[in-house]
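I'm opening my notebook on a structure that is new to me.

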Amino acid sequence: MAYCITRAIPSQMLRLTSLVHRETNYSYLSKITGKFIKKSLSGQAPTANIYNTGEDVLQQIEKQIVADSNPKHLFLGTCRYYNHKINDRFTIVDLGDQLNNSSLDISPQCLIDTSLPRNDIEDLKKSLPKLTRCASFSVGEVDGYFEQPWQFGYTLEPVFAVFTTLGIQFVIQSIANEKIMFLHKGACRGQTINLADVKNVRVEVSDDPWSSRYLIFKMKDSETPKEIIEDSRIDLNAESKRDLATLMIETEWLVTVAAHLSITATTAANRKVPLQLADVLTSRGNPWVEMRNTAWVNDSNGT
């Protein structure tokens, strides 16, 4: 596979804290990508919403899960860059009952993909765990943006896990005071990785038009990288339309997961495990990244 050059990203440039601790309000995009967003959304309508309130969503979820006597792990994941002044898009996924099982084999079931006002989504996070069949509950993000379908999601509790529409990609568990990654999908399927042995975390992309993106571990005692996630799902008919702004939006979820992994591995190894990004994903190689980072700072400062 062909990778673009990567660079180590200083914390002040990447602003990892902004990536991994942002609230679920991404309307700031309109402040920095006015022309781009207008062009991209010209033919798009907000996600069809047949649910007026969070209570409507709650009742629908209960109907879908009550017939199955098995306990459920329910996941609520938000999306970024949703084209609505009040609502945020979110999805609720049934991740089965084995999220803590290192040998799990499940098929995530998307129960709802819709939008509601942000306050209603926050209320749902409190109400969903109380459902009879809900044995455990977690929140996180999926990689859907605008009206695009999602393919990947991540959650940090009860364990750090990444899943796809087809199953669990990996789960990180604490075993004997060590952080162990169990890989269930992808090039390293069936392998386990001790995060203390990771040298750095990378996000790579293929050559222009950047159709394939990879999250990779460089290991401390090996020259052979470990490919953790590959995302090569892009519609080839749209390749000629991709530009650096689109690339930034499409890869933001993957960079966020990489940032979480960098932080988790740093804690596990008791040393810095840096994050490295392809040049086109940094402010040095992509002006849209710098505009986004500036908007995050202004948003955090209330300016």
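How many salt bridges does the count come to? I get 10 salt bridges, taking a salt bridge as a side-chain nitrogen of Lys or Arg within 4 Å of a carboxyl oxygen of Asp or Glu.

A note on sources: this is a predicted model, where local features need pLDDT of at least 70 and side-chain atom pairs count only at pLDDT 80 or more, while totals for chains, interfaces and linings use all residues. Residues are numbered from 1 along each chain as its sequence is written, and side-chain values use heavy atoms, leaving out hydrogens and water.

Overall layout: I find 8 helices and 14 strands. These are DSSP runs numbered from the N terminus, with helices (H or I) of at least four residues and strands (E) of at least two. Of the 303 residues, 52% are buried (under 20% relative accessible area, 1.4 Å probe, protein chains only).

I looked up Asp94 and Lys72, whose side chains form a salt bridge at 3.3 Å, N to O. Asp94 is in strand 3 and Lys72 in strand 2, so the pair ties together parts 22 residues apart in sequence. Asp94 has a relative accessible area of 6%, and Lys72 has 8%.

Next I checked Arg80 and Glu252, a salt bridge at 2.2 Å. Arg80 sits in strand 2 and Glu252 in helix 7, 172 residues apart. Both are buried. I also see them in a salt-bridge network with Glu141 and Arg292.

Helix 7 turns up again with Glu250, which meets Arg213 at 2.6 Å. Arg213 belongs to strand 12, 37 residues away in the chain.

Methods: Buried means under 20% relative accessible area, exposed over 50%, partly exposed in between (1.4 Å probe, protein chains only).
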